[in-house]
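Okay, thanks everyone for coming. Let me put the structure up, and then I'll talk you through a few places in it.

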Amino acid sequence: MTPVLACEELTVGYGTGRGAQALLEPFSASVPAGAFVALLGLNGTGKSTLLRTLAGLQRPLGGSLRYNGMPIGTPTALARHVAVVLPPRAAPPLVGVYATVALGRYPYRRWLPSLSEADTAAIEAALAATGTQPLAHRRLDTLSDGERQRVFIARALAQATPLLLLDEPTAHLDPRGRHQILHLLAQLAHTQGKAIVAATHEVALAQKLAHELWLIADGGHIATLDPAAPGTDQRLAHRFEVTV
Amino acid sequence: MGRAPYPSARGWLAGLVVALGVASVGSLALGSVLLPPRAVLAALVGQAQDPLHHLLVYELRLPRVLGALAVGAALGVAGLLLQTLLQNPLAGPGVLGISAGASLGVAFVVFAGGSSVAVAGGLWQSGARVGAAFVGAGAATAGVVLLAARVRDSVVLLIAGLMLGHLLGGLVGLWQYYSAPEKLKEYLVWSLGSLGGLQRTELPYLYLPIGVGLLGALAVASPLNALVLGEAYGQTLGVPLRRVRIAVVALTSLLTAAVTAFAGPIGFVGIAVPHLARALYPHPDHYRLIPLCACLGALVVVVCDALAQAPGYATVLPLSIVTALVGAPVVVWVLLRKPLPPPGA
């Protein structure tokens with residue numbers, strides 16, 4: 001089966017031409033439908049840059065990137081394949097939850113001001129899958145961080161894409177909130193067959209819930225690890241544990 | 001189960017259209033001769049009992065009021081588009097240097113054209129001024145659109161537009177500094193804005209670009225709605241950011257150029273009206289905000305223009321003075337009563 005996301009010798013970084021600066025070593029991996037991948041790495045190692053590149057928000061410096069076997073197409077084609085949850089930041093005031101989730105339908109309705117039945121069905125399903133139905137009438141700026149994060153995941157689900165990319169969806173959340181979000185992602189991969197790549201600092205939870213770990217090491221090498229493999233514990237400990 | 005993402009604004013829109021009608025009739029009644037509203041209405045439908053009424057309403061005042069409607073709608077919508085695109089509540093039609101470009105064009109006609117233009121007579125001069133303003137605004141527009149196509153960041157676009165405005169303003173200032181006092185006065189009067197000089201025959205040239213600009217604004221409403229969570233989210237939804245940026249800059253430039261060419265640089269309306277509209281309708285839906293801003297802008301300019309006529313027959317106040325004196329306190333009052341809606345809304 002064609003993987004939902006496949007990258008080959010993908011080089012990410014900033015700049016163009018001679019001024020280009022690669023942040024990570026060329027990286028090859030693929031994510032099939034139903035797989036939940038956790039992207040682990042210390043701050044500043046290039047997790048966001050990799051995710052932004054996978055999301056089509058910035059151009060790769062080299063290598064290839066394929067979605068369902070196809071290269072990046074038009075912005076709309078890409079928006080129908082990849083939905084993104086960006087790192088949480090202050091919510092714009094006065095924007096409603098329902099309207100936020102409805103934004104996910106933009107790649108399908110474009111110039112039409114009103115929602116079709118397919119649109120509203122997708123929105124309701126996204127609200128239901130994330131347990132945000134009771135929030136639908138609220139405004140974003142009245143939500144807790146955890147609630148808001150679930151609303152943004154609902155927005156991404158409403159986009160009805162095979163691939164879901166999330167940049168630190170557990171940031172600013174309390175332990176229970178982090179737990180809920182990662183369990184929700186594992187569940188979406190399982191029940192809806194989404195291919196999911198999420199950057200997170202929840203190493204232990206990720207090891208428990210994800211199907212694969214992408215671990216960014218010093219020097220920009222990305223190792224793809226099986227969470228259950230015997231050596232994984234040690235490598236994670238080596239990378240993340242702090243000696244006091 | 002179907003639910004719209006945003007509530008309807010029909011009530012506000014209907015109210016504003018009624019208010020516009022009342023204000024327009026009121027403005028037609030005001031002037032050197034005060035007419036009763038009934039006489040105005042009679043003259044409008046061609047039933048004037050007094051030929052003087054027909055002349056006053058149809059020939060003299062109607063162009064002014066029709067001009068005020070178009071100018072206000074254009075400024076309100078231009079301000080809204082720019083505030084959303086640049087995600088900045090202080091953006092307005094003035095920030096991209098378009099009015100400054102028009103000003104430079106007019107300064108060229110007034111200061112350099114000098115004697116030869118004056119000899120040709122008043123009407124030709126007004127035509128030359130309009131033409132020069134359009135050329136100046138068009139040149140500035142071309143510059144800003146080129147810029148919009150290159151920049152990666154809307155903040156850079158905003159700053160570069162402001163700098164372009166300062167540069168052109170500096171050139172105008174330099175020219176003013178070396179000019180004769182009577183020409184300075186002529187330029188100053190133009191630069192304070194007025195609809196008094198608007199001729200009936202000029203209306204199509206005002207309405208055509210503004211009509212195109214307003215229709216174009218509705219065409220970018222959908223992508224602007226998708227930018228409410230920021231440019232990055234907009235891009236992941238498939239908004240072609242660069243093209244939207246160029247379209248918005250071109251549309252607002254067209255609107256601003258038309259306004260400035262015929263009525264001079266009118267400050268304040270473009271910045272304030274979007275805030276008033278969002279106070280009425282606090283949702284980031286441009287399909288509703290664009291008509292609201294058009295009606296509200298038209299209302300503000302018609303009312304301010306009527307107030308500008310108020311001092312009596314000899315004097316008509318410049319429009320920019322009235323919009324600033326009346327409008328600024330109103331906006332502050334509105335914003336103090338309500339929380340500031342998002343600039344991206």
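First, some housekeeping. This is a predicted model, where local features need pLDDT of at least 70 and side-chain atom pairs count only at pLDDT 80 or more, while totals for chains, interfaces and linings use all residues. Residues are numbered from 1 along each chain as its sequence is written, with chains lettered from A and ligands numbered from 1 in the order in which they are written. When I say helix or strand, I mean DSSP runs numbered from the N terminus: H or I with at least four residues for helices, E with at least two for strands.

Okay, chain A. There's an open sheet of 3 strands, ordered β4-β1-β6, with antiparallel pairing; strands pair here if DSSP finds at least two bridges between them. At the edges sit β4 (27-31) and β6 (62-67) of chain A, each pairing on one side only. From one strand to the next the twist averages 5°. Strand β1 of chain A, residues 5-11, is joined to β6(A) by 5 bridges, and if you want one to look at, A:A6 has A:R66 as its bridge partner.

Now over to β10 of chain A, residues 212-216. Is that strand buried or exposed? Well, 4 of its 5 residues are buried, so β10(A) is largely enclosed by the rest of the structure. Buried means 20 or more other C-beta atoms within 10 Å of the residue's own, exposed means 12 or fewer, partly exposed is in between, and the C-beta atoms are placed from the backbone.

What does β10(A) pair with? It runs parallel to β5(A), residues 36-40, over 4 bridges, and A:L39 partners A:W214 there. With β11(A), residues 222-225, β10(A) pairs in the antiparallel sense, again over 4 bridges. A:I216 partners A:I222 in that one. β10(A) and β11(A) make a hairpin with 5 residues between them, and A:G219 in the turn has a positive phi of about 85°.

Speaking of phi: most residues other than glycine have a negative one. A:E168 has a positive phi, near 50°, and A:H172 does too, at about 65°. A:E168 lies in the loop between β8 (163-167) and α7 (175-192) of chain A, and A:H172 is found in the loop between β8 and α7 as well. A:E168 is buried, with 22 other C-beta atoms within 10 Å, whereas A:H172 has 15 and counts as partly exposed.

Next, where the chains meet. The contact takes 27 residues from chain A and 26 from chain B, contact meaning backbone-placed C-beta atoms within 7 Å. On the chain A side, the largest share is 4 residues, from α2(A). That side divides into 21 nonpolar, 3 polar and 3 charged. For the classes, Ala, Val, Leu, Ile, Met, Phe, Trp, Tyr, Cys and Pro are nonpolar, Asp, Glu, Lys and Arg are charged, and the others, Gly among them, are polar.

Last stop, chain B. The axes of α12(B), residues 269-280, and α14(B), residues 319-337, come within 10 Å and cross at roughly 30°; axes are lines fitted to C-alpha atoms, for helices over the stretch in contact, with angles from 0 to 180 degrees between N-to-C directions. Therefore α12(B) and α14(B) are roughly parallel, a label for angles under 35 degrees. The residues of the contact between α12(B) and α14(B) divide into 7 nonpolar, 3 polar and no charged.

That's my tour, thanks.

Technical notes:
Angles under 35 degrees count as roughly parallel, over 145 as roughly antiparallel, 65 to 115 as roughly perpendicular and the rest as oblique. Two residues are in contact if their C-beta atoms, placed from the backbone, lie within 7 Å.
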